[in-house]
Amino acid sequence: MNLRMKRMRLISSILQAQVIENQDQLTKALAKQGVKVTQATLSRDLRDLRAEKKVLADNSVKYVIPQNSVIEKKVLGMESDVIKSAVKSIDFCGQFAVLKTRPGFANAVAYDIDDRGTEYILGTIAGDDTILVIPKEDTTKDELHDFLYGID
């Protein structure tokens, strides 16, 4: 499981266990768990989790994550099953990675890699059954390896 998925699970857990009124409180709660996060990243995670503010009986507010199978799949990482069944191999050439997929699956897998790998991946180029993964300049080969095998 990659760092983003772990962080999103932790956010979900914190929001279920505590009354969190704003992003600053959530940032502090994450920091207590050893997770540093920028405001932009936290906003993106909350958006992807579809977190919303709910007014409580005492007129205070609380972030909540609605029950939704799409959100649960994203938080629990269940969509990686599609990748697991589609990716046939991962090979490395210098800092780049090349993934071989079942025919017709490369675009969907590349989209998922781009979506999940914003901290490691500059971009992907996909054909019918082959994906070229281009890491960011400061991404090490080991980080790329761990990221790709974490979602495979």
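A salt bridge is taken here as a side-chain nitrogen of Lys or Arg within 4 Å of a carboxyl oxygen of Asp or Glu, and the structure holds six of them. The model is a predicted one, in which local features need pLDDT of at least 70 and side-chain atom pairs count only at pLDDT 80 or more, while totals for chains, interfaces and linings use all residues. Residues are numbered from 1 along each chain as its sequence is written, and side-chain values use heavy atoms, with hydrogens and water left out.

View 1. Helices (H or I, at least four residues) and strands (E, at least two) are DSSP runs, numbered from the N terminus. Arg 4 and Asp 48 meet through their side chains in a salt bridge of 2.1 Å, N to O.

**View 2. The surroundings of Asp 45**. Asp 45 lies in helix α3 (residues 39-48) and counts as buried because its relative accessible area is 0%. Its salt bridge with Arg 7 has the closest N and O atoms 2.5 Å apart. Not counting residues up to four places away in sequence, Asp 45 touches Arg 4, Arg 7, Met 8 and Ile 11, where contact means heavy atoms within 4.5 Å.

View 3. Asp 24 is partly exposed because its relative accessibility is 47%, whereas Lys 28, at 51%, counts as exposed.

**View 4. A nonpolar surface patch**. Phe 96, Ile 125 and Leu 132 form this patch, with about 260 Å² of accessible area together, as given by the Shrake-Rupley method with a 1.4 Å probe, only the protein chains shown counting as cover for residues. Patches are made of residues with over 30% relative accessible area and no salt bridge, like charges being joined within 9 Å and nonpolar side chains (Val, Leu, Ile, Met, Phe, Trp, Tyr) within 5 Å. Leu 132, in strand β6 (residues 130-135), is partly exposed at 31% relative accessibility.

Terms used: Buried < 20%, exposed > 50% of the residue type's maximum accessible area, 1.4 Å probe, protein only.
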